[in-house]
Protein chains: 2
Amino acid sequence: MPQLGPPIPPWQRAPRAPRSRPALSLELIVSTALRLLDEGGMDALSMRKVADALGTGAASLYAYVANKEELLEHVLDRVIGEFEVPDPEPERWAEQVKDGVRAMRRILASHRDVARFAMARIPTRGNALHSIERFLAILRTSGLPDQAVAYAADILPLYATANAYEDALWAERFGSMQPEDYEPFIAQLRDYFKGLPADRFPNITALADVLTRNEGDERFEFGLDLLVRGLQSLATPPPAGARPPGP
Amino acid sequence: MPQLGPPIPPWQRAPRAPRSRPALSLELIVSTALRLLDEGGMDALSMRKVADALGTGAASLYAYVANKEELLEHVLDRVIGEFEVPDPEPERWAEQVKDGVRAMRRILASHRDVARFAMARIPTRGNALHSIERFLAILRTSGLPDQAVAYAADILPLYATANAYEDALWAERFGSMQPEDYEPFIAQLRDYFKGLPADRFPNITALADVLTRNEGDERFEFGLDLLVRGLQSLATPPPAGARPPGP
DNA sequence: ACCTGAACACCGTTCAAGT
DNA sequence: ACCTGAACACCGTTCAAGT
């Protein structure tokens, strides 16, 4: 029960607050949507719930966004705005690239289900453009051919997003993506692998332990290292005389 | 129009087919769900629509699957069943790994929106287990350390799935993922990049052409090559003294 | 035991009607 | 011009009631 003060006779009331809720705006709709998403995940982000949190009806949102998809694009761009890319330091471009991918994943994962609709959108809104521009600046100091720079600028964010997407689903299933929270599940999976018939599953049973290793960012870092090492090998021309191994 | 034979008088008909529709079964529910997904994408796959196609009500499905999520898992496993992994040929493991990742992407992309729920599920059902087992067999002939094999077995399917996910969204937006269907959109994006103020976006404007290059699988192959080359560099011990790499 | 109609608590989006 | 109540056409899931 809310505490009620003594009753105020109508004639003493303020002349009816201009509006108890602020006027609607795209800005306000987007921040409300992001807040709901952060608090309750994707299920909490419906047009109706956003409108409700703003004290209006869902139909009113359609004056500012064409549809839910467009609202999600704005939310994504707002999150991308948190991504700060440093000025290029050419002699350590590879480490800067890694730091950038790590930051992308961290920021996406910190906003719960944002990663789940971040994939496959070609982000062309303001903040995304700015981030791409600055990420390209770092990649270009590598000496890689332009097309390799362009593909890398696509693939690295895809890798960050895919990992953040997985993070989000782990968090959904276990209430958090902290390893200790889902360790029992991992242990169960490990036992399941170990208990498989070894004649039909010789590799899974033999590798059960490493397949279910659950050590923070190790797997993410492993893949990131593969990608960036590959880029470095393209940037560094093979030593004259020697030929790279291959088929 | 199907060819109809001469009309058969009612008294010659079979004594009323035991049921005009076959009995429900998990098998039947899963194939119906996959058919609807292939035909109409994710929007066509609802519990109600699957039930409808089977001539029953949505509630009846819950005798066979706990919820929609479980149905999707079965659909995914059915699709994974199309994935055929060859026997290992140790001397060309890297090429076999690449072929495997290509096949994963191709199969996922051929089933429209399957990729959209394939991510981040740890597939432990029958077909998935079998595929993982055989993929591990190939990876283990590389000579990579066990943990690297295990991480690779996670990351490579993630890469295939993330790309197939993008394919699916392109197909959704443009009715197909054939490059010629969305070339106008790409051209528009290219012009947009080129028209940006060059002082604020020097890299995007300079790279507009390569950033919007749209040549089939090139980008996918580029990333796949980075990953597999990275694995090869881990498998081949560095040339201490004079170690000849390769076969 | 198995199946299901109807209900519950939601969706995104549209549109006529209000101010 | 801006806003919105109510409606439309959907969802996934539950459950009492039927056979």
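These are my notes on the contacts in this predicted model.

**Entry 1: DNA strand C**

I began with the residues around DNA strand C. There are 15 of them, and A:Arg48, A:Lys49, A:Tyr62, B:Thr56 and B:Ser60 come nearest. Sugar and phosphate make up 54% of the atoms of DNA strand C that come within 4 Å of the protein.

A:Lys49 has a polar side-chain atom 2.6 Å from one. For A:Tyr62 I also read 2.6 Å, again from a polar side-chain atom to a phosphate oxygen of DNA strand C. A:Ser46 has a side-chain N or O atom 3.3 Å from a phosphate oxygen.

Which helices supply this surface? I found helix 2 (47-53) and helix 3 (58-61) of chain A, plus helix 3 (58-61) of chain B, each with at least two residues. Helix 2 of chain A gives the largest share, three residues. I sorted the surface near DNA strand C by class: six residues are nonpolar, four polar and five charged.

**Entry 2: how the two chains are related**

I laid chain B on chain A. A turn of 180° with a shift of 0.0 Å along the axis does it, at an RMSD of 0.0 Å. That is how a two-fold axis relates two copies.

**Entry 3: the interface of chains A and B**

I counted 58 residues of chain B in contact with 58 residues of chain A. Do the copies meet through the same surface or different ones? They use the same surface, because 100% of the interface residues of chain B are also interface residues in chain A.

I looked up the buried area next. The two chains bury about 5,400 Å² between them, with 71% of it on carbon and sulfur atoms. B:Glu133, B:Tyr151 and B:Arg219 supply 12% of the area that chain B buries against chain A, more than any other three residues.

I turned to B:Arg219 again. It forms a salt bridge with A:Asp154, and the closest N and O atoms are 3.0 Å apart. The count between the chains is two salt bridges. I also noted 14 residue pairs in polar contact across the interface.

Last, I traced the side of chain B that touches chain A. Helices 7 (126-140), 8 (146-174), 9 (179-194), 10 (202-206), 11 (208-211) and 12 (218-235) of chain B each supply at least two residues. Helix 8 of chain B has the largest share, 18 residues. By class, I logged 37 nonpolar, eight polar and 13 charged residues on that side.

Conventions: Residues are numbered from 1 along each chain as its sequence is written. Chains are lettered from A and ligands numbered from 1 in the order in which they are written. This is a predicted model: local features need pLDDT of at least 70, side-chain atom pairs count only at pLDDT 80 or more; totals for chains, interfaces and linings use all residues. Side-chain values use heavy atoms; hydrogens and water are left out. A residue is near a molecule or strand if one of its heavy atoms lies within 4 Å of it. A polar contact is a pair of N or O atoms within 3.5 Å; within protein, one must be able to donate a hydrogen and the other to accept it, and residues adjacent in sequence count only if both atoms are side-chain atoms. Helices (H or I, at least four residues) and strands (E, at least two) are DSSP runs, numbered from the N terminus. Ala, Val, Leu, Ile, Met, Phe, Trp, Tyr, Cys and Pro count as nonpolar, Asp, Glu, Lys and Arg as charged, and the others, Gly among them, as polar. Copies are superposed by least squares on the C-alpha atoms of residues with pLDDT of at least 70 in both. Contact means heavy atoms within 4.5 Å. Buried area is the accessible area (1.4 Å probe) that two parts lose on being put together, summed over both. A salt bridge is a side-chain nitrogen of Lys or Arg within 4 Å of a carboxyl oxygen of Asp or Glu.
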